[in-house]
Amino acid sequence: MRKKKGIPLSPVLEHFKLYFETLALTTEEYLYVTDYQNKIVMLSPNVVRDFNIPSTVLRSLDEYWVPLIHPEDRPVFEQAMKAMLVERTTDMHDVHYRMKNRKGEYIWIHCVGRLALTKEGEVSLCVGSMKYMGEPSQAD
């Protein structure tokens, strides 16, 4: 039986792979790099381990990620992404929201990401990390 091949990394992500993997070994934070030019996302293995995400390399993270965000917190996440990617009023996002982990529990994370642009001003990469903020409180 042949093992199913995963999605290959884009040349840009391949260039960052060693650095990214080394960072992932040295932190508990959840790491990501999105190559918007080639529509590929690279995630640290702990994202797959802790959330219902199928692989460390995906064509689209939103289809897996957004449904895991607490419904009350989705507008905050969506506005932060819209400000960066659509309105282009900022090149960063810095948001707190609740995520459903693999156990079905909502946990608070702090997500920070920054865009990199091409010479022509087009969105090229978004690089960032998400930090687990502690156990959910009873009020959640």
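Helices (H or I, at least four residues) and strands (E, at least two) are taken here as DSSP runs, numbered from the N terminus. On that basis the chain of this predicted model follows the pattern α-β-β-α-β-α-α-β-β-β along its sequence. In total there are four helices and six strands, and the six strands form an open sheet with antiparallel pairing.

**Overall dimensions and surface**

- The radius of gyration of the chain is 15 Å, which agrees with the value near 14 Å that a compact globule of 140 residues would have.
- The C-alpha trace spans about 50 × 45 × 30 Å along its principal axes.
- The accessible surface of the chain amounts to about 8,900 Å², and carbon and sulfur atoms account for 55% of that surface.
- Of the 140 residues, 38% count as buried.
- The chain carries 18 positive and 19 negative charges, whose mean positions lie 8 Å apart.
- Of the contacts between residues at least 6 apart in sequence, 43% join residues at least 24 apart.

**The sheet**

- The strand order in the open sheet is β3-β2-β1-β6-β5-β4.
- Strand β2 (residues 40–43) runs antiparallel to β3 and is joined to it by two bridges.
- Within this pairing, V41 is placed opposite L58 of β3.

**M84 in helix α4**

- M84 belongs to helix α4, which comprises residues 74–85.
- The relative accessibility of M84 is 0%, and the residue therefore counts as buried, the cut-off being under 20%.
- Beyond its neighbours within four places in sequence, M84 is in contact with T90, D91, M92, H93, G113, L115 and C126.
- One of these contacts, C126, is 42 residues from M84 along the chain, and the two C-alpha atoms are separated by 9.8 Å.

**N101 in the β4–β5 loop**

- N101 is located in the loop between β4 and β5 (106–117).
- Although N101 is in a loop, its relative accessibility of 12% means that it counts as buried.
- With neighbours within four places in sequence set aside, the contacts of N101 are D50, F51 and I107.

Technical notes:
Residues are numbered from 1 along each chain as its sequence is written. This is a predicted model: local features need pLDDT of at least 70, side-chain atom pairs count only at pLDDT 80 or more; totals for chains, interfaces and linings use all residues. Side-chain values use heavy atoms; hydrogens and water are left out. The radius of gyration is taken over C-alpha atoms; the globule rule is 2.2 Å times the number of residues to the power 0.38. Buried means under 20% relative accessible area, exposed over 50%, partly exposed in between (1.4 Å probe, protein chains only). Contact means heavy atoms within 4.5 Å. Accessible areas come from the Shrake-Rupley method with a 1.4 Å probe; for residues, only the protein chains shown count as cover. Lys and Arg count as positive and Asp and Glu as negative; His and the chain ends are not counted. The place of a charge is taken as NZ of Lys, CZ of Arg, CG of Asp or CD of Glu. Two strands pair if DSSP finds at least two bridges between them.
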